[in-house]
Amino acid sequence: MTSDRQARPAGAFDDGALATGGGSHFATLIPEAPDALLALIGLHAADPRPGKIDVGVGVYRDAAGATPVFAAVKQAERWLADTQASKSYLGPEGDARFAALLAELLFGAGAAAELIGLQTPGGTGALRLGAELLARAAPGRSIWVGTPTWANHAPLLTGAGLVVRSHRFFDAEQSDLDFGAMMADLDAAAAGDIVLLHGCCHNPTGVSFDLAQWEAIAELCARRGLLPFVDLAYHGLGAGLDADAAGVRRLVERVPEAVVAYSCDKNFGLYRDRVGAIWVKTQSGRVDAVRSNLYALARVNWSMPPDHGAAVVRHILETPALRAEWIAELAAMAARIGMLRQRLAAGDPRLEPIGRQQGMFALLPLAQGAVAALRREHGIYMAGNGRINIAGLGEASVDRFVAACAPHLGQRQ
Ligand code: LMR
């Protein structure tokens, strides 16, 4: 992976000291602040207050506040431990059957044959691989990203060699999608530019496109020569597996070329096992070049992806009883998030839009300084931009959470 780190100018490097053995080879590196979102995990863990509330990093939590391993995953892991005969290397593409089964789940039966698919280390690996492929095809090309977006998007895309440009997306006053503004901004993009889209359950806002809007995006991309790059990390945690996939399916059907990055971290609960995939749709004459470049980029980045989680997903998807159990577990998670959304929406009129949005996240209309005050005074841990992971709330804590937020609601940060 190429380095994203900032460095001092070359002149700051003390060649003389190095030559005499006294300098550091790392003297040009500037310390980086810890990732603000991931740092919340440690801050929350270190807080001794019993009533603390963790609505920070996007991991699912059940009513008891735990992130248990799916029952279907446990069974698949037992099966794997008993039957796996070898852990010898796979190629840079990982497990091709895993990517094909996942493609069928996402795009529908038969769709895998039309796509180049690879297993990746998590959705982040898929995003990075896609971004490096696009930067290799056209160095310095622009990628349009709606504001706000996942905090890791811009550094990841920039680090891969793309130029990140922002388009309007979210109307903070209305807590709603501003589709007109988004389309007006994208209409000004240049042919060859890329458009990053959240496939469902937008992170951090929870707003989604309807099917007509997906079609309008597809039409714009095709007409203006823009390439859609979809990030799909919460499949099944919004309106269900089919409904959450419907927009991406429609988009990929309607455009000549597309890239889709997928994460199994949340919908199979395999976070630290790092399970993801990438698919590329391209013209028939470009398939070999795209596939071989993806393999080459995977090889220099991680050689081949970790197998365990993908083997678990593969076994679940190809075993009808386990597949049904996984679908039921996922549906129960989505239903719990939906119930919490309704509780939040009913708790304060200013939170009413949350009831119409989907997925794990919502962006609260908080006043300046509120995130720090809520942490200090109530032990409530949320991202600095006011994003909450709704699944981090419990049936018992949701009213207390709304009451704590109420004095700070109304004005965006
Ligand atoms: C999140 O946004 O909280 C998750 O996607 C976790 C992460 O890696 O940032």
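**The ligand site and its surroundings**

In this predicted model, the ligand is surrounded by Leu37, Val57, Gly58, Trp150, Asn203, Tyr234, Lys266 and Arg387, where a residue is taken as near a molecule if one of its heavy atoms lies within 4 Å of it. Local features need pLDDT of at least 70 and side-chain atom pairs count only at pLDDT 80 or more, while totals for chains, interfaces and linings use all residues of the predicted model. Residues are numbered from 1 along each chain as its sequence is written, and side-chain values use heavy atoms, with hydrogens and water left out.

By class, this shell has four nonpolar, two polar and two charged residues; Ala, Val, Leu, Ile, Met, Phe, Trp, Tyr, Cys and Pro count as nonpolar, Asp, Glu, Lys and Arg as charged, and the others, Gly among them, as polar. An oxygen atom of the ligand is 2.7 Å from a polar backbone atom of Gly58. Side chains take part as well: an N or O atom of Tyr234 is 3.3 Å from a ligand oxygen atom, and for an N or O atom in the side chain of Lys266 the distance to a ligand oxygen atom is 3.1 Å. The ligand taken alone exposes 260 Å², and the protein buries 80% of that, with accessible areas from the Shrake-Rupley method and a 1.4 Å probe.

How does the site relate to the domains? The domain assignment, which is automatic or from a database, gives domain 1 (36-69 + 322-408) and domain 2 (89-318). Their contact (heavy atoms within 4.5 Å) takes 24 residues from domain 1 and 29 residues from domain 2. The C-alpha centres of the two domains lie 26 Å apart. Both domains give residues to the shell around the ligand, so the ligand lies between them.

One of the shell residues, Asn203, is joined to Pro204 by a cis peptide bond with omega of about 25°. Pro204 sits in the loop between strand 7 and helix 8; helices (H or I, at least four residues) and strands (E, at least two) are DSSP runs, numbered from the N terminus. Another cis peptide bond joins Thr147 and Pro148, with omega of about -5°, and Pro148 is in the loop between strand 3 and helix 6 (153-159).

Buried here means under 20% relative accessible area, exposed over 50%, and partly exposed in between (1.4 Å probe, protein chains only). The buried set is Phe179, Ala181, Met182, Met183, Asp185 and Leu186.

Two loop residues are also buried. Gln357, in the loop between helix 12 (320-347) and strand 11 (361-363), has a relative accessible area of 10%. Not counting residues up to four places away in sequence, Gln357 touches Ser175, Thr205, Gly206, Val207, Arg341 and Ala362. Gly392 lies in the loop between strand 13 (387-389) and helix 14 (398-405) and counts as buried at 17% relative accessibility. Apart from neighbours within four places in sequence, Gly392 is in contact with Ile53, Asp54, Val55 and Arg61.

Backbone angles complete the picture. Arg274 has phi near 55°, a positive value in a residue other than glycine, and is partly exposed at 30% relative accessible area. Ser303, also not a glycine, has a positive phi of about 70°.

Conventions. Polar contact = N/O pair within 3.5 Å; in protein donor to acceptor, adjacent residues only side chain to side chain.
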